[in-house]
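Thank you for making time this morning.

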Amino acid sequence: MKNQLCSFIRMGFLTLILTLYFFSSTNAQHFIFGAQRAKIEAGVNFGPTFFLGDLGGHRGIGTTFIKDVNMQLTKMMKGAFISIYPTEWLGFRVAAQYTYLEGRDNLIVNNGGLELYRKERNLDFKSNLFEAYAAIEIFPLQLFNINSEDYDPIFQPYGFIGAGMFRYNPKGSLTDRQGNVTWHELHPLRTEGQGFGEYPLVKQYSLTQLNMPMGGGIKYKLSERVSTALELLYRKTFTDYIDDLSTDYVDPALFDKYLLPADAVIAKQIYDKTYVGFVPGSSRFTPGAQRGNVKQNDAYFSFVLKLGIQLGNIYNSDRERNMANTTRCPARF
């Protein structure tokens with residue numbers, strides 16, 4: 001599995017490098033849309049990433065978006081992108097990024113009892129995640145001033161939406177009596193009976209999934225060639241199993257029926273790690289009891305700092321170049 005993930009990451013970054021080479025060649029410098037030469041920008045981006053799923057969270061029975069984020073589990077995303085701008089108001093972006101997601105029930109603070117169910121559930125997960133996507137960028141101020149040739153603001157707000165895919169591999173922990181922690185891949189353990197004949201509606205999930213990146217930001221021109229941006233990048237996904245948690249508890253006896261003996265031993269320990277200290281005398285969850293929230297898919301988002309460099313000629317015409325040279329400050333200034 002690790003070799004497959006590494007190969008997937010290498011393929012994604014190789015695609016970026018080849019695209020960068022293609023668009024930075026001599027032909028790319030004359031890439032024309034209508035009467036205007038397209039601008040091509042390449043760069044890097046990074047920033048904190050946060051998981052939104054069934055594990056962890058804050059007060060109550062669970063809330064949404066930023067209000068449900070455990071700041072202790074903030075992870076760093078790193079990536080690269082290439083954007084093509086056929087006009088000042090429209091852009092096409094491809095990007096590849098690597099990050100890390102994590103969720104833990106033991107971080108929940110019990111405050112009035114509504115958090116008790118999730119706190120006692122005591123599950124956790126962590127996963128490396130690689131993603132690649134393509135998106136359309138819209139710059140509304142440039143669109144509204146499309147007929148103004150002199151309109152060139154330093155700050156440029158924008159929105160974007162696209163489509164992509166990501167690869168992940170959730171792992172859960174077990175702690176022995178000596179306090180030693182080991183991590184185990186959850187996908188092959190089928191902790192919610194995925195693929196078991198007794199649970200025909202629970203299908204085995206894929207570790208490669210589609211997503212929809214969307215968000216917005218503000219771009220700032222440092223110079224005619226260099227720019228930076230701050231953006232919110234949210235990913236809507238179509239799976240509830242990034243954290244390997246979605247439906248109900250299963251009959252643990254079925255692990256012996258469907259798994260190898262060694263995997264069945266681990267599955268029995270890791271699928272239900274209920275901590276019952278909050279309700280003395282309570283038992284572990286029984287088969288059929290709710291384990292996750294199947295009504296809402298997992299998601300994740302990042303606050304991103306981008307640094308981009310425009311490739312090729314930065315002027316659309318000789319006239320623009322001459323105007324820039326005549327308005328440039330003398331070297332002594």
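By a salt bridge I mean a side-chain nitrogen of Lys or Arg that lies within 4 Å of a carboxyl oxygen of Asp or Glu. Please keep in mind that what you see is a predicted model. With that criterion, a search of the whole structure finds 13 salt bridges, and I will go through a few of them.

Let me begin with glutamate 88, which forms a salt bridge with lysine 39, their closest N and O atoms being 2.9 Å apart. This pair links distant parts of the chain, since glutamate 88 sits in the loop between strand 4 (75-85) and strand 5 (90-104), while lysine 39 belongs to strand 3 (residues 39-52), 49 residues apart. Glutamate 88 is partly exposed, at a relative accessible area of 35%, and lysine 39 is likewise counted as partly exposed, at 22%.

What, then, of charged residues that are buried? The side chains of glutamate 137 and arginine 93 meet in a salt bridge, with 2.8 Å from N to O; because glutamate 137 lies in strand 6 and arginine 93 in strand 5, the pair ties together parts that are 44 residues apart in sequence. Glutamate 137 is buried, and arginine 93 is buried too.

A further salt bridge joins the side chains of glutamate 231 and lysine 306, at 3.9 Å from N to O. Glutamate 231 lies in strand 11 (residues 226-237) and lysine 306 in strand 12 (residues 299-311), so this pair ties together parts that are 75 residues apart in sequence. Both of these residues, glutamate 231 and lysine 306, are buried, and Arg93, Glu137, Glu231 and Lys306 are linked in a network of salt bridges.

Which side chain of opposite charge is nearest to arginine 167, a buried residue that has no salt bridge? That side chain is glutamate 185, and it is 8.5 Å away, whereas a salt bridge would need the nitrogen and the carboxyl oxygen to be within 4 Å.

Strand 7 runs antiparallel to strand 6 (residues 124-138), joined by ten bridges, with alanine 134 and alanine 163 as bridge partners. Eleven bridges join strand 7 to strand 10 (residues 208-221), again antiparallel, and there phenylalanine 155 stands opposite tyrosine 220.

Notes
Residues are numbered from 1 along each chain as its sequence is written. This is a predicted model: local features need pLDDT of at least 70, side-chain atom pairs count only at pLDDT 80 or more; totals for chains, interfaces and linings use all residues. Side-chain values use heavy atoms; hydrogens and water are left out. Buried means under 20% relative accessible area, exposed over 50%, partly exposed in between (1.4 Å probe, protein chains only). Lys and Arg count as positive and Asp and Glu as negative; His and the chain ends are not counted. Two strands pair if DSSP finds at least two bridges between them. Helices (H or I, at least four residues) and strands (E, at least two) are DSSP runs, numbered from the N terminus.
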